[in-house]
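Here is a short briefing to read with the model open beside you.

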Amino acid sequence: MKTLRITGVVCCFAFSLAASTACGCGGRSEISTAKPISVSLVNPTVTVQQGGPPVSVNLLIESPSETALVHVTGLPEGVGATYAASDTNPSGLLTFAANAEAMKGTFMPTISVQSAGQTAATSFTLTVTMQ
C-alpha cells in the first residue's frame, strides 16, 4: 500500500498482481448529515362528524426534498384520510372523512412521513362525533 499526499488531498492505491484499485481518492472526507425532516399539523386536534362533510387540515412537512410519502395509522373504523401535497413542497392538505357508521370517540392516530431518505412522525387528537 502506497500513500501519496498531494496538496492536502490523500489518495491511496492498492496494487495487486492483476490490477490496481483506487480507494478513497477525492477531496476531504467530510461527513455530510442531511437536515432532519419534521412533520406537524397546524391544528393538532381534528373533529369529524359521522356521515358529515370532510375536514381538511394543513400538514406541514419540512424536508430538503419536494416529495413525501404520507401514511396515517390508528384511524378508527369508518374514518379515512387522503393527502394532497402542494405543487412546490411536500406540505399540503390532509383531509378526513367519517362515514355514518364510524366509531364515535376520541383517538390518537399517527402521521408518518418518509422524505429525503428519512422518516418523521407526529400524533394528533381525532374526535369523531354524532351528526
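In this predicted model, residues 24 or more positions apart account for 54% of the contacts in the chain with a separation of 6 or more. Contact here means heavy atoms within 4.5 Å. Local features need pLDDT of at least 70 and side-chain atom pairs count only at pLDDT 80 or more, while totals for chains, interfaces and linings use all residues. Residues are numbered from 1 along each chain as its sequence is written, and side-chain values use heavy atoms, with hydrogens and water left out.

**Strands**
- The chain holds 13 strands and zero helices (DSSP runs numbered from the N terminus: strands are E, at least two residues; helices are H or I, at least four).
- Its pattern along the sequence is therefore β-β-β-β-β-β-β-β-β-β-β-β-β.

**An open sheet**
- Three strands make up an open sheet with mixed pairing, in the order β5-β13-β10; two strands pair if DSSP finds at least two bridges between them.
- At the edges sit β5 (45-49) and β10 (105-107), each pairing on one side only.
- From one strand to the next, the twist averages 20°, with axes fitted to C-alpha atoms and angles running from 0 to 180 degrees between N-to-C directions.
- β5 and β13 (residues 125-129) run parallel and are joined by five bridges.
- Val48 has Val128 in β13 opposite.

**Burial and surface**
- Of the chain's 131 residues, 25% count as buried, meaning under 20% relative accessible area with a 1.4 Å probe, protein chains only.
- The chain's accessible surface is about 8,500 Å², and 55% of that belongs to carbon and sulfur atoms; areas come from the Shrake-Rupley method with a 1.4 Å probe.

Notes: Buried < 20%, exposed > 50% of the residue type's maximum accessible area, 1.4 Å probe, protein only.
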